[in-house]
Amino acid sequence: MAKEIIVKPLGITADLNGITFKAVLEHFKLYEGYIKKINEIRTKIETVDKQLANATYSEIGELKRQESFAADGVKLHEIYFSILGGNGESSGKVAQLINRDFGSLENWMADMTAAGLSARGWVILSYDLADKSLHNYSADAHNVGLVVGTIPLITLDVYEHAYFMDYGVNRKGYIEAFFKNLNWKKIDEIAEEHKIQ
Ligand SMILES: [Fe+2]
């Protein structure tokens with residue numbers, strides 16, 4: 001029996017610096033949709049006819065394909081909403097690691113911004129267990145381009161739904177606002193949870 005995934009409450013309660021509460025609320029509805037779908041998909045996987053598995057088309061094939069999309073959609077958005085709502089002032093453990101691995105906060109931000117302007121889905125500041133370093137990895141969809149063996153610390157959503165309401169096509173303006181709202185204490189908590197150093 002698949003464990004039911006539950007919506008994690010939104011911690012944001014008002015406009016952010018450059019990102020409206022209305023846009024956040026609309027965005028949160030999409031996250032709730034992924035929660036609904038991951039539960040639905042997993043329930044269906046339990047009863048679907050697995051004998052009919054086929055790579056061109058089969059019900060189980062489609063369910064498995066969309067399971068990773070929905071599961072990543074849930075996880076990436078949970079981090080995204082949880083790390084916003086701060087004052088953007090970088091300090092603490094992860095900021096130190098960024099300095100170590102990117103040379104400076106400015107270098108990291110420039111890399112993340114360029115990746116954010118190039119990606120079609122996400123940019124993820126990840127701790128890679130292979131080289132024990134931080135990388136900005138980009139993903140063209142929730143489940144396209146993720147690197148295995150990595151721990152996401154900061155997830156930047158660059159799907160149009162994340163910024164069109166506030167910024168139209170000005171994605172760069174949205175990315176600048178994203179940095180201004182980062183909650184570095186929360187980011188450090190994620191790193192601590194995973195014993196990253
Ligand atoms: Fe999103």
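With 10 C-beta neighbours inside 10 Å, Gln197 counts as exposed. The terms work as follows: a residue is buried if 20 or more other C-beta atoms lie within 10 Å of its own, exposed if 12 or fewer, and partly exposed in between, with C-beta atoms placed from the backbone. This is a predicted model, in which local features need pLDDT of at least 70, side-chain atom pairs count only at pLDDT 80 or more, and totals for chains, interfaces and linings use all residues. Residues are numbered from 1 along each chain as its sequence is written.

Gln197 sits in the segment after α7. Helices (H or I, at least four residues) and strands (E, at least two) are DSSP runs, numbered from the N terminus. Although Gln197 and Lys93 are 104 residues apart in sequence, their C-alpha atoms are 7.8 Å apart in space.

Lys195 is also found in the segment after α7 (184-193). Its phi is positive, about 55°, although Lys195 is not a glycine. Lys195 counts as exposed because it has 7 C-beta neighbours inside 10 Å. Lys132 likewise has a positive phi of about 55° without being a glycine. The place of Lys132 is the loop between β1 (122-128) and β2 (133-139). Lys132 has 11 C-beta neighbours inside 10 Å, so it counts as exposed.

Two packed helices are described by the angle between their axes and the distance between the axes. The axes of α3 and α7 lie 7 Å apart, and the two helices pack at an angle of about 80°. Here axes are lines fitted to C-alpha atoms, for helices over the stretch in contact, and angles run from 0 to 180 degrees between N-to-C directions. That makes α3 roughly perpendicular to α7; angles under 35 degrees count as roughly parallel, over 145 as roughly antiparallel, 65 to 115 as roughly perpendicular and the rest as oblique. Lys93, Val94 and Ala95 of α3 make the contact with Trp184, Ile187, Asp188 and Ala191 of α7. Two residues are in contact if their C-beta atoms, placed from the backbone, lie within 7 Å. By class, the residues of the contact of α3 with α7 are five nonpolar, no polar and two charged. In this scheme Ala, Val, Leu, Ile, Met, Phe, Trp, Tyr, Cys and Pro count as nonpolar, Asp, Glu, Lys and Arg as charged, and the others, Gly among them, as polar.

Helix α3 also packs against α4, at an angle of about 80° and with the axes 8 Å apart. That makes α3 roughly perpendicular to α4. On the α3 side the contact is made by Ala95, Ile98, Asn99 and Phe102, and on the α4 side by Leu105, Asn107, Trp108 and Asp111. The residues of this contact of α3 with α4 divide into five nonpolar, two polar and one charged.

Next comes the division of the chain. The domain assignment gives domain 1 (21-82) and domain 2 (93-193); such bounds come from an automatic or database domain assignment. The C-alpha centres of domain 1 and domain 2 lie 22 Å apart.

The interior can be read through its nonpolar cores. A nonpolar core is a set of buried Ala, Val, Leu, Ile, Met, Phe, Trp, Tyr and Cys residues joined through C-beta atoms within 7 Å. The largest has 32 residues, of which Ile83, Trp122, Val123 and Leu156 touch the most other members. At least two residues of this core come from each of α2, α3 (93-102), α4 (105-118), β1, β2, β3 (150-157) and α6 (171-180). With five residues, β1 gives the most to this core. Domain 1 (21-82) and domain 2 (93-193) each supply at least three of the core's residues.

Leu156, leaving aside its neighbours within four places in sequence, is in contact with Met112, Gly116, Trp122, Val123, Ile175 and Phe178.
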